[in-house]
Amino acid sequence: MAVINSSLTDFREEVQRCMRCGYCRALCPTWDFVGWESGSPRGRMQMIKALLDGEAQTNEYVADRMYKCALCGYCLWRCPSGVKTTDAIKAARDHLVRRGYHLRIIDEIDGRIGDNHNLYGLSKEDRTQWIALTGLDDLVKTGKGAEILFFPGCVASFSSRAMDVAAATSQILDALGVNWTILGDEEWCCGNPLLLSGKSGSVKGMAEHNVNAIRRLGGKIVVTSCAGCYRTFTQDYPRIIANLGFQVYHVSQLLEKMLDQGKLKFSKDLDVTVTYHDPCELGRHTGVYEPPRRILQEISGIKLVELPNNRFLTRCCGGGGILKATNPEIALKLAQRKLEEAQRVKAEIIVSSCPSCKLNLSDAITASEDPTQMLDITEIVAWAMNLKVI
Amino acid sequence: MAYGRVGEGILKELEGIVGSEGVSIRPEELYCYSRDSTLFAFKPDVVVRPKSTEQVAAILRLANRDRVPVTPRGAGTSAAGSPLPVMGGILLDMSAMNLILSVDLENQTVAVEAGVVCDTLNEELKPYDFFFPPDPASSPACTIGGMVNTNAAGNRTIKYGPTRNYVLWLEVVLPTGEIVQTGSKTLKSVSDYDLTRLMVGSEGSLGVVTKVGLKIVPLPESYATASLVYDSVGALARAAARIRLAGIVPEMLEFMDRKTTKVAFEYAGVKGLPEGNLLLVDCGGSKEAVSVMLKKCVDLGEQEKPMHMEQTTDTAYREKLIMARKAALPALARLRPSTVLEDCTLPLSKLPEAAAKVEEIPRRLNVEGLDLGNFGHIGDGNMHPTFTFDERIEEQRAAFFWGLDILYKEIVLPLGGSLTGEHGIGLIRAPYIELEHGSTAVELMRNLKRLFDPNLILNPGKGKGGPYPLRRE
């Protein structure tokens, strides 16, 4: 199996191939908050080259620049030379951690996940608190065998402001009459926050735990409502475990399938103008752009308006790349920019497909005292199905 | 007289001018600012990010007083070495001066600070159905200040001409610290020596451009695009010549050779065309006009028997084709670790001959690992032969420089061409400028440089005002 925590030296040829054309600077969401060349993707590639060539030292300044990246993948998609920018930056973060120059918050995140197997450091019993929100406790039979396994992830399980995503997903699954279950308190963090932090060495054990637990319940299809979990299950787990033994769907993909089969039906006319924000880890990282749009277009009364930069051109909302933990001010400013984009297209509701996007964009809406509403795709579907969570 | 060093005293004065947040001597920054897209590397002593013309003026007065070299830089996308601080000193990063100051639709002009990015300006103008036509491949990143200093041109030059045609006035800080405004805000003026045009293309050697007044023009109503794929570059060049001779002026008349087309299409996701040399014809105007114009272009192109021809009016597909063409240079970096492009121009009649000779260069050099891709603005005689190699291997690096000699001394100049169409002399072409212009003209340029910059502090060591430290004789 490929090693998930790459050494910086593995990227020597990648950074050499960067011919500094500057295409990556254009829409890099964080560069203009730094301004200096070292804060651009091109600059980060040059700094990695400098580290490898002994022209720069591993230090706090390098760490500051490497952690001011949202890992949104715009530069990766944009790079004509095919430089694996985000992998190189993740390797640089691993390098910084190994040398002890990472940010203190990284140790906190690592500690929480290491001790309690979740991003928030809460007890494992708290992982299923969201079930109470459904008002239908008997619907969720933790630990039973089932073909479909819903993996809500840490944010939708523990954050009171994102639990609606898990609740809405479970109600939709139930209303659709599918045979489904959850891991409950056996669910561990997927490991994504550690992959993004530079602590990727710890992820193998987490992947093995989750995969084994899913296999034990006989899960054939894993459904995530979190874009980060989806990316980790589909892109990173296969690098650790050769054959997962199950398929992985983002909930929007499953719902689109149900729509095609005529099983997903909407009963409510919503009469709202909606724009869709592509989560970086669902869009650019894994190529899932259309299923959420198709679902929105099928809901009666929704007028779907696109943001000026959409699909692979989407600007990160600041909710990813652990930017919200390492640089909360920049994360909030990015969300405010996104909100301004939504205002320009006169959207009443921003819909996304990731609880982390929901949290950060909700923070921007609160800070701006803006009337725009922020909903996850599962919440607006539940609303259109007239389910109780909304 | 030697250049002054950037010591503690100067650093404190610089911080006094722009604030400590606008000055860096961090080794990581100095490294990042030591490169553009050539293979040269020169570190500055300090990087300074001014936010106003007055700050630029104060920095230049200080530098001139102590004879400290100053190298202006926009986005660092130069393919000539122009923004590299050959003599160290102050690197003036102009990207923080990035305000669009005014959009005056009534007078069809805009005023911008030098650090505004080309595509950002056009995004701003798009809702008004106007645009600033020069379209260098680096348009997603390059700044208007950089475009002025290189007289950048790009894909649409055949119809609209280079940056020079759109610059009405400039605010410039002279190396001695005075602020001057050249030109006029009106669309026509001959009330001065043409200082504006002197500044355009001067590669940051005569003054630091801080603000720019530009003409803008209405966007075409619609586009139609054709891709013609030829087996040989010669046939492609002859097809382009037929279109030019017929008096048709398309929006773009661009080409990429076989190697370049393959990697550029791979990047942009263009599928379904056979491998070959691509002639891209893009026509703009009213719907009726573009249809007629494109048909004529295609008819003429087909006389040279392309392997494949297709037409499109699909906006998304057209954008993909243009994206592929614009990304040709960095896409070639997929092939080898180092990619360096050239910028020669040729009389239109000599293009087929030149293209064939350029294609022969790798075979003549006969060094394993060194190859060449070719692409460019064939409609205006501008080719970008691009060497792909590994700069870390001495034999390949030496062969690259030998390849430059062949390109310029044996092909471009004997055929009546010019060293550079839109990138400038910089460092890379400095050894050849006398061969094109003669020693008297070069001395005149040096004297002109001294008139503006008596202490030779501004972007020294390269460009039209030399001296040229990279001379290899």
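Let's start where the chains meet: 30 residues of chain B are in contact with 25 residues of chain A. Contact here means that two C-beta atoms, placed from the backbone, lie within 7 Å. This is a predicted model, where local features need pLDDT of at least 70, side-chain atom pairs count only at pLDDT 80 or more, and totals for chains, interfaces and linings use all residues. Residues are numbered from 1 along each chain as its sequence is written, while chains are lettered from A and ligands numbered from 1 in the order in which they are written.

Back to the side of chain B that touches chain A. Two elements give two or more residues to it: helix 2 (27-32) and helix 12 (328-332) of chain B. Helices (H or I, at least four residues) and strands (E, at least two) are DSSP runs, numbered from the N terminus. Helix 2 of chain B gives the largest share, five residues. By class, this side has 16 nonpolar, six polar and eight charged residues. For the classes, Ala, Val, Leu, Ile, Met, Phe, Trp, Tyr, Cys and Pro count as nonpolar, Asp, Glu, Lys and Arg as charged, and the others, Gly among them, as polar.

Next, a helix pair. Take helix 1 (residues 8-18) and helix 3 (residues 53-66) of chain B. They pack at an angle of about 165 degrees, with their axes 9 Å apart. The axes are lines fitted to C-alpha atoms, for helices over the stretch in contact, and angles run from 0 to 180 degrees between N-to-C directions. How do helix 1 and helix 3 of chain B run, roughly parallel or roughly antiparallel? The two are roughly antiparallel. The cut-offs: under 35 degrees is roughly parallel, over 145 roughly antiparallel, 65 to 115 roughly perpendicular, and the rest oblique. Which residues touch? From helix 1 of chain B come B:Ile10, B:Glu13, B:Leu14, B:Ile17 and B:Val18; from helix 3 of chain B come B:Gln55, B:Ala58, B:Ile59, B:Leu62 and B:Asp66. That contact divides into seven nonpolar, one polar and two charged residues.

Now the sheet. In chain B, six strands form an open sheet in the order 15-12-14-13-18-19, with antiparallel pairing. Strands pair if DSSP finds at least two bridges between them. At the edges are strand 15 (308-312) and strand 19 (382-383) of chain B, each pairing on one side only. Strand 18 (residues 375-377) of chain B is joined to strand 19 of chain B by two bridges. In one of these strands, strand 19 of chain B, B:Met383 is the bridge partner of B:Gly376. Helix 10 (residues 287-302) of chain B packs on the sheet and touches strand 12 (222-230), strand 14 (277-285) and strand 15 of chain B. Its direction makes about 155 degrees with that of strand 14 of chain B.

Last, some single residues. B:Lys305 sits in the loop between helix 10 and strand 15 of chain B. Its phi is positive, about 55 degrees, although it is not a glycine. Is B:Lys305 buried or exposed? With 11 C-beta neighbours inside 10 Å, B:Lys305 counts as exposed. The rule: 20 or more other C-beta atoms within 10 Å is buried, 12 or fewer is exposed, and in between is partly exposed, with C-beta atoms placed from the backbone.

A:Ile322 also has a positive phi, near 50 degrees. It lies in the loop between strand 6 (302-305) and helix 16 (323-326) of chain A. A:Ile322 has 28 C-beta neighbours inside 10 Å, so it counts as buried.
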